[in-house]
Amino acid sequence: MATLSDIRSQIEQLQRQEREIIANEKKSVIAQIRQQIAEYGISSADLGFPAGDGAARGRKARSAPAPVKYRRGDDTWSGGRGRKPQWVQEVLAAGESIEKYRVE
């Protein structure tokens, strides 16, 4: 009768063999797929993959930050996007014109 350690050893050996077989067969399958893609002119869109280089993986590319339109010292604001920064709110509350801080 086999012991538990014998069974575990056999399992490990079989799992190693499985990994080797998969690695060897994978190379062959990939080569076949590449050959058929080239032969039939298949694109990533034909396969249902998103267009592009594949790096984005469905995420939107980041846009460049909006250019600075207003500056007061180290504080900046691009103007009109979202909520006004605290320093802009303070300027407006004091009755000043934000145009005084416009960047040329």
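Predicted model: local features only at pLDDT ≥ 70, side-chain atom pairs only at ≥ 80, totals over all residues.

Me: Why is L92 called partly exposed?

Reply: L92 has a relative accessible area of 39%. Buried requires under 20% and exposed over 50%, so L92, at 39%, falls in between and is called partly exposed.

Me: Where is L92 found, and what does L92 touch beyond residues up to four places away in sequence?

Reply: L92 is found in helix α2. With those neighbours not counted, L92 touches K84 and I98.

Me: Which residues of α2 are buried?

Reply: In α2, which spans residues 86-93, the buried residues are W87, V88 and V91. They lie on the same side of the helix, because they cover an arc of only 100° around its axis.

Me: What covers the buried residues of α2?

Reply: The cover includes β1 (70-72) and β2 (75-77).

Me: What makes up the largest nonpolar core?

Reply: This core has 7 residues in all: Y70, W77, W87, V88, V91, I98 and Y101.

Me: Which residues are in contact with I98, leaving aside neighbours within four places in sequence?

Reply: I98 is in contact with Y70, W77, W87, V88, V91 and L92.

Me: What follows α2?

Reply: The helix is followed by G95, whose phi is positive, near 85°.

Definitions and conventions: Residues numbered from 1 in each chain as written. Heavy atoms only, no water. Buried < 20%, exposed > 50% of the residue type's maximum accessible area, 1.4 Å probe, protein only. Helix = DSSP H or I, 4+ residues; strand = E, 2+ residues; numbered from the N terminus. Arc of directions from axis to C-beta. Contact = heavy atoms within 4.5 Å. Core = buried A, V, L, I, M, F, W, Y, C linked by side-chain atoms within 4.5 Å.
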